[in-house]
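Subject: Structure handover

Hello,

Here is the structure I promised to pass on. Please look it over before you read my notes below.

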Amino acid sequence: MELLKQRIMQDGRCYPGGILKVDSFINHQMDPMLMYKIGEEFIKRFSNENINKIVTIEASGIAPAIMVGYIMQLPVVFVKKKKPKTMENMLTTVVHSFTKDRDYTVCISNNFLTPDDRILFIDDFLAFGNAALGIVDLAKQSGAHIAGMGFIIEKAFQDGGNVLRKMGIHVESLAIIDSLDDCKITIR
Ligand code: 5GP
């Protein structure tokens, strides 16, 4: 997605350890006009999939997911990183956070992920695929089908994309970063 790539080159910042900071338009301050176009692009790329629900994980996946859900007129559910005391029937899995270097037990109500669901998972970044593999586990537990996974930015030098595509999942990334070596952003 050309507009996104230009924005990353203009406003993205590299941090040591292969981290790309995009907090002026995605992760902290957000650009809703760009986010809307991101939503439209995801919909184009998954137009052949029969999707009935958008799933994401808090927090940074929520903005793009809600754009997709809004345009497609579909419900959006986000996996929570803290178990609410009031949630009775839930599915849980453990996800390792790349940026925070810690494990989270994430959860989703089993009222909102069921065998009738054909989900599109949306997230901001694909790095090692830990969050996505957590979704794969939750979908397996619930009997939901994963129709696709869409990421705003994929870091191809980390292995998540390979892992998910080898599993046969339809993965789409709107910008693919080949390298952040020497704090230089190289986009495919
Ligand atoms: P993964 O689960 O694929 O290993 O990592 C993806 C998650 O970690 C994303 O949800 C995102 O929040 C975070 N993440 C991974 N790499 C980066 C990065 O380079 N920059 C930012 N801002 N977040 C990242």
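H96 is partly exposed, because 14 other C-beta atoms lie within 10 Å. The scale is this: 20 or more other C-beta atoms within 10 Å of a residue's own make it buried, 12 or fewer make it exposed, and anything in between is partly exposed, with C-beta atoms placed from the backbone. The model is a predicted one: local features need pLDDT of at least 70, side-chain atom pairs count only at pLDDT 80 or more, and totals for chains, interfaces and linings use all residues. Residue numbers start from 1 along each chain as its sequence is written.

H96 sits in strand β5 (residues 90-97). Strands (E, at least two residues) and helices (H or I, at least four) are DSSP runs, numbered from the N terminus. Beyond its neighbours within four places in sequence, H96 is in contact with D103 and N130. Contact means that two C-beta atoms, placed from the backbone, lie within 7 Å. I43 is elsewhere: H96 and I43 are 53 residues apart in sequence and 28 Å apart in space, C-alpha to C-alpha.

**The sheet**

Which strands make up the open sheet, and in what order? Six strands do, in the order β4-β3-β7-β8-β9-β10, and the pairing is mixed. β4 and β10 stand at the edges with a single partner strand each, so one side of each has no neighbour in the sheet. Two strands pair if DSSP finds at least two bridges between them.

Going through some of the pairs:

- β7 and β8 run parallel and are joined by eight bridges. Here I122 stands opposite G150 in β8.
- β8 also pairs with β9 (residues 171-179) in the parallel sense, over six bridges. K155 stands opposite I177 in β9.
- β9 and β10 (residues 186-187) run antiparallel, with two bridges between them. S179 stands opposite T186 in β10.

β8, helix α5 (residues 160-166) and β9 form a right-handed β-α-β unit. Right-handed means that, with the strands pointing away from the viewer, the path from the first strand over the helix to the second runs clockwise.

The largest nonpolar core has 47 residues. A nonpolar core is a set of buried Ala, Val, Leu, Ile, Met, Phe, Trp, Tyr and Cys residues joined through C-beta atoms within 7 Å. I119, L120, F121 and I152 have the most contacts inside this core. β7 supplies its largest share, six residues. In soluble globular proteins, nonpolar side chains tend to be buried together.

Take L120. Leaving aside neighbours within four places in sequence, L120 is in contact with F46, E49, I51, I54, V68, A147, G148 and G150.

V68 belongs to helix α3 (residues 62-72), whose buried residues are A63, P64, A65, M67, V68 and G69. The cover over these buried residues includes α2 (32-45), β3 (53-57), β4 (76-79), β7 (118-126) and β8 (145-155).

**Around the ligand**

Which residues come nearest to the ligand? Of the 18 around it, they are F125, A127, F128, N130 and A131. The elements that give two or more residues to this shell are β2 (19-21), β7 and α4 (130-142). β7 gives the most, with four residues. A residue is near a molecule if its C-beta atom, placed from the backbone, lies within 6 Å of it.

The shell divides into nine nonpolar, six polar and three charged residues. Ala, Val, Leu, Ile, Met, Phe, Trp, Tyr, Cys and Pro count as nonpolar; Asp, Glu, Lys and Arg count as charged; the others, Gly among them, count as polar.

**Backbone points to check**

- E58 to A59: this peptide bond is cis, with omega near 5°. A59 lies in the loop between β3 and α3.
- Q73: phi is near 60°, a positive value in a residue other than glycine. Q73 is in the loop between α3 and β4. With 6 C-beta neighbours inside 10 Å, Q73 counts as exposed.
- D182: phi is near 55°, again positive in a residue other than glycine. D182 lies in the hairpin of β9 and β10, which has six residues between the strands. D182 is exposed, because 7 other C-beta atoms lie within 10 Å.

Best wishes
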